[in-house]
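I shall take you through one structure, beginning with a term that the later part of the talk relies on.

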Amino acid sequence: MMETLSKTTTVELRKKLISAACPVWFREDPIKISQAQGQYMYDENGDRYLDCINNVCHVGHSHPAVTEAVTNQMALLNTNTRFLHDNMLLLAKNLTSSLPGKLSVCFFCNSGSEANDLAIRLARKYTGNKDVLTLDNAYHGHTDLLIDISPHKFKKPCMDGKKKWVHVADPPDVYRGRYAGDPNAGEKYALQLKNVIDNATHNGRKICCFILEAMQSCGGQQLYPPNYMKNCFKHVREAGGLCIVDEVQTGFGRVGTHMWAFELQGEDVQPDIVTIGKPMGNGFPVAAVITTPEVANKLAEGGHEYFNTYGGNPVAMAAGLAVWETVQKENLMKHAQEVGEFLLEEMKALQEKHENLGHVRGIGLFQGFELVKDRDTKEPATDLATEVIHRLKERHILLSTEGPHNNVLKFKPPMCFSREDACLLVRSISEVLTDIEQGEHPTAENGQNNVG
């Protein structure tokens, strides 16, 4: 049995043995979690926290079906994919059958970062081009390549900035973007992407691909306006590029109405490559890239191989199969739709009571609540958002902030999050905002989000 350390000792050893570049949430008073079940996490004292942010444990923390599948497979066999094993093929069949068009070939890996890195590699091999189109505030992973195409990271003062082969378009922000409120916002934001493409090609650059999250998460829980992807994909393909949709944060039924968030944009939207990860193994490391035979076969030309030691191993595939089956058996997509609609309505109703609640957006169990100082100017209320997060933590409710101004309360819970949990969350947010409005001022220093 592993030694149990006091929280004080854990904090001291963390500071000593783990890099300061690896942050924890609530760094001034981090939570030590000892176990979790469903949508609840428990600290070392047994105190329960409502988890509103952990989209990795998709079907619920410690789900018995996933635990059993992983345990049984680990006791039987775990090896690399140079041997035949049915788990990989069964999961690949499930994934490809849920996707449109010619998306029928899978590569398995261990994380969303690996998946996105491989997706760019596939696109470069297929097109022979290097340059990547991305959206401002996007985040696609932690490898050098992915940091280079993630403005959420490379715009930080400590980073090297944008590379010449990276071209950044405005995100189609329906709240504070240039076309907010415009009924034709989707088409107009897509034209802005076309302008970026035209400028790049005019300067002799050749477009490899356009990569975008199916919905922006780090960018502030952003949903795209109608017709955005369809028109973007048209412009990109005319420039010779491929279209990559990053579903790492959003896939596996989280939006409720569809298995994949990009499907919200219409049946005629068909990516060339889709990447998935995070929720795929309910906490077990597993991810995938799904593409067309033409793109996949191009990588294999000349005897080139893609081998990933742990990617597609039988235990990871067992986890993925168990998650897929649980989403179906427990009807979690319908559950996400119903609970999500209820929460969205309740949070919009709170806007009549709290002026600082500037914008409420989302679908299913992917939502964002943007706090502002003034609804007319939309000035971000960063300190207020941080204060709300800390006061919710004191009430044993875990949320975090996102967006370029860290003023959006980010909601992406396990899919078993209930209507009763939603009621508690809405009531608690309202009570915290009321307390602050009645004279208790934010205590966050210098507008810094010290949640994580």
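A residue is called buried when its relative accessible area is under 20%, exposed when that area is over 50%, and partly exposed in between. Please also keep in mind that this is a predicted model.

With that definition in hand, consider Lys163. Its relative accessible area is 27%, so Lys163 is partly exposed. Lys163 forms a salt bridge with Asp148, and the closest N and O atoms are 3.1 Å apart. This pair connects distant parts of the chain, since Asp148 belongs to helix H5 and Lys163 to the loop between helix H6 (151-154) and E6, 15 residues apart. Asp148, at 16% relative accessibility, counts as buried.

Let me turn to the sheet. Seven strands make up an open sheet, with mixed pairing, in the order E4-E10-E9-E8-E7-E5-E6. Which strands stand at the edges? They are strand E4 (105-109) and strand E6 (166-169); each has a single partner strand, so one side of each is left without a neighbour in the sheet. From one strand to the next, the twist averages 20°.

Helix H3 (residues 86-97) lies across E4, strand E9 (273-276) and E10, and runs at about 125° to E4. Helix H7 (residues 185-202) also packs on the sheet, where H7 touches E5, E6 and strand E7 (207-213). The direction of H7 makes about 155° with that of E6.

I return now to salt bridges. How many does a search of the whole structure find? The search finds 22 salt bridges. One of them joins Lys102 to Glu294, with the closest N and O atoms 2.5 Å apart. Here again distant parts of the chain are linked: Lys102 sits in the loop between H3 and E4, and Glu294 in helix H9 (residues 293-300), 192 residues apart. Lys102 is partly exposed because its relative accessible area is 48%, and Glu294, at 35% relative accessibility, also counts as partly exposed.

Elsewhere, salt bridges that share partners bring Lys7, Asp29 and Lys393 into one network.

The next topic is His140. Is this residue buried or exposed? With a relative accessible area of 2%, His140 is buried. His140 lies in the loop between strand E5 (131-135) and helix H5 (144-148). Leaving aside neighbours within four places in sequence, the contacts of His140 include Gly112, Ser113, Asn116, Thr134, Glu213 and Asp246. The C-alpha atoms of His140 and Glu247 are separated by 10.0 Å, although these residues are 107 residues apart along the chain.

Ser150 is another contact of His140. Ser150 is found in the loop between H5 and H6, and at 0% relative accessibility Ser150 counts as buried. With the neighbours within four places in sequence again set aside, Ser150 is in contact with Ala138, Tyr139, His140 and Gly141.

Asn137 has a positive phi of about 75° although Asn137 is not a glycine. Like His140, Asn137 lies in the loop between E5 and H5, and at 14% relative accessibility Asn137 counts as buried. Phe26, likewise not a glycine, has a positive phi of about 50°. Phe26 is found in the loop between H1 and strand E1 (33-37), and Phe26 is buried, with a relative accessible area of 3%.

Leu13, Leu17 and Ile18 make a nonpolar surface patch of about 260 Å². Leu13 lies in helix H1 (residues 7-17). Because its relative accessible area is 33%, Leu13 is partly exposed.

Thank you for your attention.

Definitions and conventions. Residues numbered from 1 in each chain as written. Predicted model: local features only at pLDDT ≥ 70, side-chain atom pairs only at ≥ 80, totals over all residues. Heavy atoms only, no water. Patch = residues over 30% accessible without salt bridge, like charges linked within 9 Å, V, L, I, M, F, W, Y side chains within 5 Å. Areas by Shrake-Rupley, 256 points an atom, 1.4 Å probe, with all protein chains shown as cover. Salt bridge = Lys/Arg side-chain N within 4 Å of Asp/Glu carboxyl O. Helix = DSSP H or I, 4+ residues; strand = E, 2+ residues; numbered from the N terminus. Buried < 20%, exposed > 50% of the residue type's maximum accessible area, 1.4 Å probe, protein only. Contact = heavy atoms within 4.5 Å. Pairing = 2+ DSSP bridges. Axes fitted to C-alpha atoms, helices over the stretch in contact; angles between N-to-C directions.
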